[in-house]
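Reader: I would like to learn how to read aromatic ring pairs in a protein model. Could you take me through it step by step?

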Amino acid sequence: METNELKKAFQEAYKHEATAVYFSPGRVNLIGEHTDYNGGYVFPCALSFGTYLLLAKNEDKLMRFKSLNMPEVTELALTELTTPLPKNHWVNYPLGCIAQFIKRGYELKEGYDILIWGNVPAGAGLSSSAALEVVTAYAVNELLSAGLDRTELAKIGQASEHEFAGVNCGIMDQFASAQGKKDHAIFLNCDTMEFQLVPVKLEGIKVVISNTHSPHKLDSGAYNERVAQCQLALEQLRKVRPELKNLAELTEAEFEKIENAITDETAHKRARHVVGEVQRTTDAVAALQKGDIATFGKLMCQSHVSLRDDYEVTGLHLDTLAEEAWKLPGVIGSRMTGGGFGGCTVSLVKDEAIPEFIEKVGKVYQEKTGIKADFYIAQISDGARRIE
Ligand code: GLA
């Protein structure tokens, strides 16, 4: 939808004009999975699709939320902005962000009519919820003249996800949505929040996203379970390394020396993934900076194997897409991206091999799962912004 159509839809819904239009993108992570909440590195980039937010002040001292994907309008008094709505209500994502501002001492004195529209494929694990959180945080930051920087806006989005959606996520998705830059990936240290924007200049190669159309069940508890298993591994390692702050601090060699302290077999596998993934992410970024795209691709494949075998967040859908991709000579690398369990893979594919990639991977995938996959060429884009 064009901005003009969105403004028309706003006018139809609220009978007055929108005074501002904001946008914040979804993301794809190139490598560094399930490392963020362990204080490790991630390497995501912002996409061209995301969530739009239009607003205008009203005279009723009410906050009204409408999504173009839903029929109803949700109306809340200014005194009701710190209490979550029932579980799984979509308004919890923006509401949770507004609540964070209030928690920090800011006060919304006026009511606003808000219209949301998103074009991130739903349930694809490309962070439609982070896009909704960050676009809200960005807009509210302006309304309140709060002056918070983009990293703070990402933290507000993450806190909303924890407190209003019940997912104990890391910072990656909200950070990528807030800090993304066209044609760059973000090499972020999730412990210190220091980051570097690394150009993704791929001569004759595209970033291809393949959608399993098998919903990623992030709220199903499997994600929070992984977070808890990593915490258990960390606690057990602290018996021999009391000063250990997080799993990502350990090199692979250090981990090997003390891994026996983890008595829980599952927690041990989860920790082994995290330690290896942090190393792979560092190596992959170094390879990309040297123009060694082949090594980058190999590390992507190794990342998938570790997520499949040690972290156990892949399954038939993601494995089929990745493993079929690996068979094709024009594929530099392919792996699951995001939380897992469903959602998407990300692949680096040579331009001339893309039609064959879509045809062959799509065909085997449909034979094995009965589902038609979708393929998108990623356009790496800028982070949150005001459009009008
Ligand atoms: C989800 C979470 C992120 C991150 C990824 C896995 O997208 O929201 O914080 O943990 O899974 O890397």
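Reader: Is Phe187 buried or exposed?

Author: Phe187 has 12% relative accessibility and therefore counts as buried, where buried means under 20% relative accessible area, exposed over 50% and partly exposed in between, with a 1.4 Å probe and protein chains only. This is a predicted model, in which local features need pLDDT of at least 70 and side-chain atom pairs count only at pLDDT 80 or more, while totals for chains, interfaces and linings use all residues. Residues are numbered from 1 along each chain as its sequence is written, and side-chain values use heavy atoms, with hydrogens and water left out.

Reader: How many aromatic pairs does a search of the whole structure find?

Author: A pair of aromatic rings is described by the distance of the centres and the angle of the planes. Rings of Phe, Tyr and Trp (its six-membered ring) pair if their centres lie within 6.5 Å, and planes under 30 degrees apart count as stacked, over 60 as edge-to-face and the rest as tilted. The search finds twelve such pairs, and one of them joins Tyr37 and Tyr223, edge-to-face, at 5.5 Å centre to centre with 70° between the planes. Both Tyr37 and Tyr223 are buried.

Reader: What is the angle between the planes of Phe43 and Phe187?

Author: The planes stand at 85° and the ring centres lie 6.2 Å apart, so this pair is edge-to-face. Phe43 and Phe187 are 144 residues apart, and their pair links distant parts of the chain. Phe43, at 0% relative accessibility, counts as buried.

Reader: Which residues do ring pairs link into a cluster?

Author: The cluster consists of Tyr41, Phe43, Phe187 and Phe296, linked by ring pairs.

Methods: Helices (H or I, at least four residues) and strands (E, at least two) are DSSP runs, numbered from the N terminus.
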